[in-house]
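The sequence and the structure are shown first, and the description follows.

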Amino acid sequence: MADMQSDTINTACSRDQTECEKIAPDASSSPDASIKQQNALQYWQNASADTDSMLGGIPSLSGLSHFSRTDLQGSRSFLAKLGIGTKNGRHPVVNILEGGAGVGRVTEGLLLHIGEVVDIIEPVSKFTDQLQGKKGIRTIFNVGLEDWEPTGTVEYDLIWLQWCVGHLTDEQLIRHLKQCKTVLNKENGLIIIKENTTTSGVDIFDPVDSSVTREDGKFKEIFKAAGLRLVKKEVQKGLPTNQPGRRLFPVHTYALRPEAEAPISL
């Protein structure tokens, strides 16, 4: 239940930096120590099973109906720069693992277009009910990222984690990434993390959905602790940075490989 969903922008904290700064915990405590997975799970169990809810209501705001489309295009472009795709000499992949799939916005809008089969980790079963039996969807694990255990029967070419790892403590995230490494294709597998990041230089806890928005430096520390190296990083373009009365967090996309593996040619 740690992830809640890859489709999720972490509600108030993720889309409104001003309000999150007002509720930031004392600097003497680690923000991720305040995460309570049961509270996060309850939040998402009470949410509607639709894309607008997965994205914190942003698409319904004036002038932001393009939000999901822009996000998906940015992800598609990021993967294309890594050689993954279906056009211009790029290659599709076979096995994909998606953490926190929610109602399948990224699953159906991106991953099934560049992969043969997708396995899903998503703790809220009402979100994945609509994905059951769809072509290309193989296994659905209705557990949170912190409770997921690799089966050891599949090697993944791509592992996708988007707008979900904020529900994991730093320690849980390191553990999950280490688990991902054990089922990653050793030849050219990639782990992609796409998340909001703070601009204040500190992590910020959001009590609304019990999540943390991390700063870029913290992500890099976590990647190193998990034995991963950064292959590529980009800031998502085309998303709004400001709305009346609030500032929106920038979104970073990270491509990762195990430290010991050979570099990928870009």
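Which residues does Asp71 touch, not counting residues up to four places away in sequence? Under that condition, Asp71 touches Arg105, Gln162, Trp163, Lys194, Gln236 and Leu239. The model is a predicted one, and Asp71 lies within helix 5, which covers residues 67–81. Because its relative accessibility is 0%, Asp71 counts as buried.

**Confidence**

The protein chain has a mean pLDDT of 88, and 85% of its residues reach 70 or more. Over residues 1–19, however, pLDDT stays under 50; the model has 120 contacts beyond four places in sequence for these residues. The pLDDT is also below 50 over residues 21–25, a stretch with nine contacts in the model beyond near neighbours in sequence. Where pLDDT is low, the predicted coordinates should not be read in detail.

**Helix 5**

Along helix 5, the buried residues are Phe67, Ser68, Thr70, Asp71, Leu72, Gly74, Ser75, Phe78 and Leu79. The packing partners of these buried residues are helix 6 (105–114), strand 4, strand 5, strand 8 and strand 11 (251–258). Just after helix 5, Gly83 takes a positive phi of about 90°.

**Helix 8 and its neighbours**

In helix 8, burial applies to Asp170, Leu173, Ile174, His176, Leu177, Gln179 and Cys180. Its buried residues pack against several strands, including strand 2 (115–121), strand 4 (158–162), strand 5 (190–198), strand 7 (211–215) and strand 8 (228–235), and against helix 9 (216–225).

Two packed helices are described by the angle between their axes and the distance between the axes. For helix 8 and helix 9, the angle is about 45° and the axes are 9 Å apart. Helix 8 is therefore oblique to helix 9. The two helices, helix 8 and helix 9, cross in a right-handed manner. On the side of helix 8, the contact is made by Asp170, Leu173, Ile174, Leu177 and Lys178; helix 9 contributes Lys218, Phe219, Ile222, Phe223 and Ala225.

How values were computed: Residues are numbered from 1 along each chain as its sequence is written. This is a predicted model: local features need pLDDT of at least 70, side-chain atom pairs count only at pLDDT 80 or more; totals for chains, interfaces and linings use all residues. Side-chain values use heavy atoms; hydrogens and water are left out. Helices (H or I, at least four residues) and strands (E, at least two) are DSSP runs, numbered from the N terminus. Buried means under 20% relative accessible area, exposed over 50%, partly exposed in between (1.4 Å probe, protein chains only). Contact means heavy atoms within 4.5 Å. pLDDT is the predictor's confidence in each residue, from 0 to 100. Axes are lines fitted to C-alpha atoms, for helices over the stretch in contact, and angles run from 0 to 180 degrees between N-to-C directions. Angles under 35 degrees count as roughly parallel, over 145 as roughly antiparallel, 65 to 115 as roughly perpendicular and the rest as oblique. A crossing is left-handed if the near helix is turned anticlockwise from the far one by less than a right angle, and right-handed if clockwise.
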